[in-house]
Amino acid sequence: MKKLLLLFMSCTMFYGVNAQIATPQPSPFSKVEQKVGVTDVTIEYSRPGVKNRTIFGDLVPYGKIWRTGANARTKITFSTDAVIDGQTLKAGSYSIFTIPNADSWDVIFYNDGKESGTPKDLDGKYVAAKTSVKAHEIPFSVESFTIDINNLSATGARLEFIWEKTWVGLDFTVPTDTQVSANIDKAMNGPSLEDYYASATYYLENDKDINKAKVWIDKAIDMTKDKPRFWYLRKQALIHAKAGDTKSAIAAVKASLELAKKAGNDGYVKMNTESLKAWGAM
């Protein structure tokens with residue numbers, strides 16, 4: 001009996017109650033973190049391999065609910081609301097279930113609060129959004145199941161699923177303008193130099209009120225008059241030009257050009273020179 005107890009204790013010490021020996025997982029965990037506009041999107045999932053198997057229509061049957069990966073449920077988290085095919089997903093976390101078919105997939109965002117297990121049937125009250133997207137055959141085989149976020153823009157991106165010889169893409173949008181405009185309105189109650197510059201830049205690049213952008217960039221320039229910045233002056237030139245004030249735009253870009261030359265910034269020297277030519281000042 002004593003020998004058996006010693007043997008048990010020895011095995012426990014070697015293997016541990018919680019194993020301390022790391023070994024490769026057949027479907028390793030992966031985490032995708034992507035900023036889309038001002039929204040943080042995070043995907044947590046596991047990545048099974050093809051391993052000489054037929055995947056879709058066999059290992060993953062057509063017409064059946066799939067957890068869209070292996071092990072725990074695949075989870076996606078949005079820091080703001082997002083829109084999928086006209087359906088609003090509130091900020092938060094969702095399981096992604098799919099129903100693959102030969103030519104299309106149903107993609108379901110599910111929020112029953114559970115972290116594992118694939119339901120036999122989906123309960124409609126937990127379906128936050130559901131859409132159908134086309135499945136495309138690709139001319140090469142991808143060994144490890146992959147979820148990615150591509151086609152990034154200021155207001156949206158594409159969620160992509162790739163495995164074996166199948167690619168599926170699902171577009172979504174995020175309320176970037178609403179978020180940024182709210183942040184700008186809040187910041188303008190007591191704006192800093194950077195607030196003025198960032199707000200003016202956003203209005204310029206997103207075709208919003210250019211006259212308001214002009215006021216903000218002029219304030220930023222005034223706040224840096226003791227130590228002018230060539231990139232601020234270039235932004236002022238672009239905003240003034242878009243507002244129709246070419247004369248002041250030329251003055252600003254000339255000032256930016258001289259400072260850029262002193263700083264040895266060839267990129268801004270080139271851009272400013274090209275602007276002067278375009279505006280007929282060279």
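Tutor: Please note that the model is predicted. Leaving out residues up to four places away in sequence, Leu159 touches Ile43, Ile76, Ile96, Phe109, Ile147, Asp148, Ile149, Val168, Gly169, Leu170 and Phe172.

Student: Which residues touch the most other members of the largest nonpolar core?

Tutor: Leu159 is one of them, together with Ile76, Phe109, Ile149, Phe161 and Phe172; the core holds 34 residues.

Student: Which elements give two or more residues to this core?

Tutor: Those elements are strand 1 (29–36), strand 2, strand 3, strand 4 (82–84), strand 6 (92–100), strand 7, strand 8 (127–150) and strand 9. Strand 9 gives the most, with seven residues.

Student: What lies apart from it?

Tutor: Another core does, made up of 18 residues, including Val180, Ile184, Ile217 and Ala220.

Student: Now the aromatic residues. How many aromatic pairs are there?

Tutor: The structure holds 18. One of the pairs is formed by Phe56 and Trp105, which are tilted, with 5.3 Å centre to centre and 55° between the planes.

Student: Why does that pair tie together parts that are apart in sequence?

Tutor: Phe56 lies in the loop between strand 2 (39–46) and strand 3 (75–78), whereas Trp105 belongs to strand 7 (residues 104–110), so the pair joins parts that are 49 residues apart in sequence.

Student: Are Phe56 and Trp105 buried or exposed?

Tutor: Phe56 and Trp105 are both buried. Both also belong to a cluster linked by ring pairs, with Tyr45, Trp66, Phe145, Phe161 and Trp163.

Student: And what do Phe78 and Phe172 form?

Tutor: They form an edge-to-face aromatic pair, with 5.7 Å centre to centre and 70° between the planes. Phe78 lies in strand 3 and Phe172 in strand 9 (residues 156–173), so this pair ties together parts 94 residues apart in sequence. Phe78 and Phe172 are both buried.

Student: Which charged end sits over the ring of Tyr203?

Tutor: That of Lys208, at 5.3 Å from the ring centre.

Student: Finally, the overall form. What is the radius of gyration of the protein?

Tutor: The protein has 27 Å, whereas a compact globule of 282 residues would have a radius of gyration near 19 Å. Its C-alpha trace spans about 90 × 55 × 40 Å along the principal axes.

Student: How many helices and strands are there?

Tutor: The protein has seven helices and nine strands. Of its 282 residues, 39% are buried.

Note on methods: Residues are numbered from 1 along each chain as its sequence is written. This is a predicted model: local features need pLDDT of at least 70, side-chain atom pairs count only at pLDDT 80 or more; totals for chains, interfaces and linings use all residues. Side-chain values use heavy atoms; hydrogens and water are left out. Rings of Phe, Tyr and Trp (its six-membered ring) pair if their centres lie within 6.5 Å; planes under 30 degrees apart count as stacked, over 60 as edge-to-face and the rest as tilted. Helices (H or I, at least four residues) and strands (E, at least two) are DSSP runs, numbered from the N terminus. Buried means under 20% relative accessible area, exposed over 50%, partly exposed in between (1.4 Å probe, protein chains only). A charge sits over a ring if NZ of Lys or CZ of Arg is within 6 Å of the ring centre and within 35 degrees of the ring normal. A nonpolar core is a set of buried Ala, Val, Leu, Ile, Met, Phe, Trp, Tyr and Cys residues joined through side-chain atoms within 4.5 Å. Contact means heavy atoms within 4.5 Å. The radius of gyration is taken over C-alpha atoms; the globule rule is 2.2 Å times the number of residues to the power 0.38.
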